[in-house]
Structures are given as C-alpha cells and as structure tokens.
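Subject: Structure handover

Hello,

Please find the structure below.

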Amino acid sequence: TAIWNSYDQLRVKITEEDGKYIQEVQNSELEFHEYDAETIEDALKIDKKKGFEDALIRISIVKIQNKEYLLWTHNHVILDGWSVGILIQELEIGLR
C-alpha cells in the first residue's frame, strides 16, 4: 500500500471524453485478484482477458498446483523498464 500511495502514476486512469483522452489519478485502493489455474500459461491467458478498466496495474495471486505465485501486470503507459526495477526493489524491501 505504501508503494501504491507513493507513486501517482500507478493510480492513473485514462478515459476518453468527446474524442479526447483524459488522465486522472484515482484515490482508490490497489486491487488484488486471486484465482486458480492449471499452468502458468493458463494464468496468463486468464489475466490477459481481464484488460484494464479501473487501473492500469493489476496484482494477482495465482494458485497453481498447490503453489502461490504473484502475477504483476501493468500497461506500458504507466511504467517503463527502469521504473519497474525501482518498484521491484521497493517491494522486496517492504516484504522483508
């Protein structure tokens, strides 16, 4: 939650109004999704079908054969490769 609240771009929502795109920062909480899948490939297919409606980032806990995996999905509009590296470092520090 601290990371979510620290970076406005994680909470950005882009909508279209009268042919113009509007970017606004949402004050919502990060949503976590949980589901079961048979394989990683199945989990990725399920995740891809969800799309991005409320936020441009999605965190899921996927259970595959009695193991749990973190699946982090985001739209490239809000994060580049360099930014993802920083967030992963912060997440690792927060989990210690």
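Helices (H or I, at least four residues) and strands (E, at least two) are DSSP runs, numbered from the N terminus. This is a predicted model, in which local features need pLDDT of at least 70 and side-chain atom pairs count only at pLDDT 80 or more, while totals for chains, interfaces and linings use all residues. Residues are numbered from 1 along each chain as its sequence is written, and side-chain values use heavy atoms, with hydrogens and water left out.

Salt bridges

The structure has two salt bridges (a side-chain nitrogen of Lys or Arg within 4 Å of a carboxyl oxygen of Asp or Glu).

One of them joins arginine 58 to aspartate 47, with 2.9 Å between the closest N and O atoms. This pair links distant parts of the chain: aspartate 47 is in helix 2 and arginine 58 in strand 4 (residues 57-64), 11 residues apart. Helix 2 itself covers residues 40-50. For aspartate 47 the relative accessibility is 5%. Beyond its neighbours within four places in sequence, aspartate 47 is in contact with Tyr35, Arg58, Ser60, Leu71 and Thr73 (contact means heavy atoms within 4.5 Å).

The bridge between aspartate 8 and arginine 11 has its closest N and O atoms 2.8 Å apart. Here aspartate 8 is partly exposed at 43% relative accessible area, whereas arginine 11 is buried at 9%.

Surface patches

Patches are made of residues with over 30% relative accessible area and no salt bridge; like charges are joined within 9 Å, and nonpolar side chains (Val, Leu, Ile, Met, Phe, Trp, Tyr) within 5 Å. Accessible areas come from the Shrake-Rupley method with a 1.4 Å probe, and for residues only the protein chains shown count as cover.

A patch of negative charge on the surface brings together Glu16, Glu17, Asp18 and Glu24. Lys and Arg count as positive and Asp and Glu as negative, with His and the chain ends not counted; the place of a charge is NZ of Lys, CZ of Arg, CG of Asp or CD of Glu. Glutamate 16 belongs to strand 1 (residues 12-17) and is exposed, at 52% relative accessible area.

Ile14, Tyr21 and Val77 make a nonpolar surface patch of about 320 Å². Of these, tyrosine 21 sits in strand 2 (residues 20-25) and is exposed, with 64% relative accessibility.

Regards

Methods. Buried means under 20% relative accessible area, exposed over 50%, partly exposed in between (1.4 Å probe, protein chains only).
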